[in-house]
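Please go through the structure shown here. The report below covers charged pairs, backbone angles, a surface patch and strand pairing.

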Amino acid sequence: MAILSDYTEENQEQPMKSIEKKQEKSSSSAPKEEENSSSPPKEEENKKLKPNKSNGLDMENYSWGQSLQEVTINVPVPPGTKSRFLVVEIKNNSLKVGLKGQLLIIDGEYFKSVKADECYWSLEDQKEISILLTKQNKSDWWKSLFKGGPEIDTQKVEPEPSKLSDLDTETRAAIEKMMFDQRQKQMGLPTSEEITNQDMLKKFMEQNPDMAKNFANSKMMPNSKMMGMG
């Protein structure tokens with residue numbers, strides 16, 4: 001990636017006709033996949049794009065990806081950049097990223113809101129900004145990183161296999177219970193609910209021995225009667 005200031009100077013030095021031709025082929029907000037397309041710009045804007053390997057898009061100045069829970073953004077910056085020269089402003093509904101004193105690289109309103117207090121960013125090897133956004137709604141795939149931006153076909157996303165450790169406590173407990181019950185049934189053993197009921201009955205009998213004796217006798221009565229009848 002060219003240094004942002006150099007990129008701006010090059011654009012200013014080009015003739016107007018050259019700039020117009022370049023704008024017809026692609027825009028700064030268009031993803032890389034559109035550069036080699038011969039379709040008209042209006043059709044490209046309405047066309048849903050195939051997501052990248054991270055279930056997002058590779059843009060000209062950054063790339064983004066997502067899982068159901070999070071969104072990741074990688075923004076290349078000139079090698080040797082210090083964190084004090086960066087502008088990274090993460091809010092619940094918007095994001096700004098850039099270098100101080102220059103035009104922002106990213107400035108937009110998220111496709112959907114995030115939890116700003118659970119979002120983080122870091123400067124990797126002084127050449128790339130890595131941003132992690134925690135989605136407010138963790139059950140939806142984003143069609144776009146920002147409102148009005150290029151959209152991906154969410155039917156073509158490839159989610160990673162879910163791990164129990166990635167799930168919330170309640171969901172994980174419910175799945176673990178179902179898995180346990182399934183194994184128990186396959187082995188002809190009591191399910192978790194049956195075990196709980198047995199434990200409750202055992203505890204009740206221990207606390208009420210007289211009732212336990214009556215219960216045992218009542219269970220024996222049919223057999224005794226049958227023996228008497230014989």
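## Salt bridges

A salt bridge here is a side-chain nitrogen of Lys or Arg within 4 Å of a carboxyl oxygen of Asp or Glu. The model is predicted: local features need pLDDT of at least 70, side-chain atom pairs count only at pLDDT 80 or more, and totals for chains, interfaces and linings use all residues. Residues are numbered from 1 along each chain as its sequence is written, and side-chain values use heavy atoms, with hydrogens and water left out.

Searching the whole structure gives four salt bridges. One of them joins K147 and E109, with N to O at 3.2 Å. This pair links distant parts of the chain, 38 residues apart. K147 sits in the loop between β8 (128-134) and α4 (169-186), while E109 belongs to strand β6 (residues 106-109). Helices (H or I, at least four residues) and strands (E, at least two) are DSSP runs, numbered from the N terminus.

How accessible are the two partners? Relative accessible area sorts residues into buried (under 20%), exposed (over 50%) and partly exposed (in between), using a 1.4 Å probe and protein chains only. K147 is exposed at 52%. E109 is partly exposed at 43%.

## Two further charged pairs

D181 and K177 also form a salt bridge, at 3.3 Å from N to O. Both lie in helix α4, four residues apart, so about one helical turn separates them. D181 is buried, with 11% relative accessibility. K177 is partly exposed, at 42%.

E89 pairs with K91 in another salt bridge. Their closest N and O atoms are 3.5 Å apart. E89 is partly exposed at 32%, and K91 is partly exposed at 44%.

## Positive phi angles

Which residues other than glycine have a positive phi? N55 has phi near 65 degrees. D125 has phi near 55 degrees.

For N55, the loop runs between α3 (41-46) and β1 (57-58). For D125, the loop runs between β7 (120-124) and β8. N55 is buried, at 5% relative accessibility. D125 is exposed, at 67%.

## A nonpolar surface patch

L201, F204 and M211 make up a nonpolar patch on the surface. Together they have about 270 Å² of accessible area. Accessible areas come from the Shrake-Rupley method with a 1.4 Å probe; for residues, only the protein chains shown count as cover. Patches are made of residues with over 30% relative accessible area and no salt bridge; like charges are joined within 9 Å, and nonpolar side chains (Val, Leu, Ile, Met, Phe, Trp, Tyr) within 5 Å.

M211 lies in helix α6 (residues 209-229). M211 is partly exposed, with a relative accessible area of 45%.

## The five-stranded sheet

What is the strand order in the open sheet of five strands? The order is β1-β2-β3-β8-β7, with antiparallel pairing. Strands β1 and β7 stand at the edges, each with a single partner strand, so one side of each has no neighbour in the sheet. Two strands pair if DSSP finds at least two bridges between them. Strands of a sheet pair through backbone hydrogen bonds, either parallel or antiparallel.

Strand β2 (residues 63-66) and strand β3 (residues 70-76) run antiparallel and are joined by four bridges. S63 has N74 in β3 as its bridge partner.
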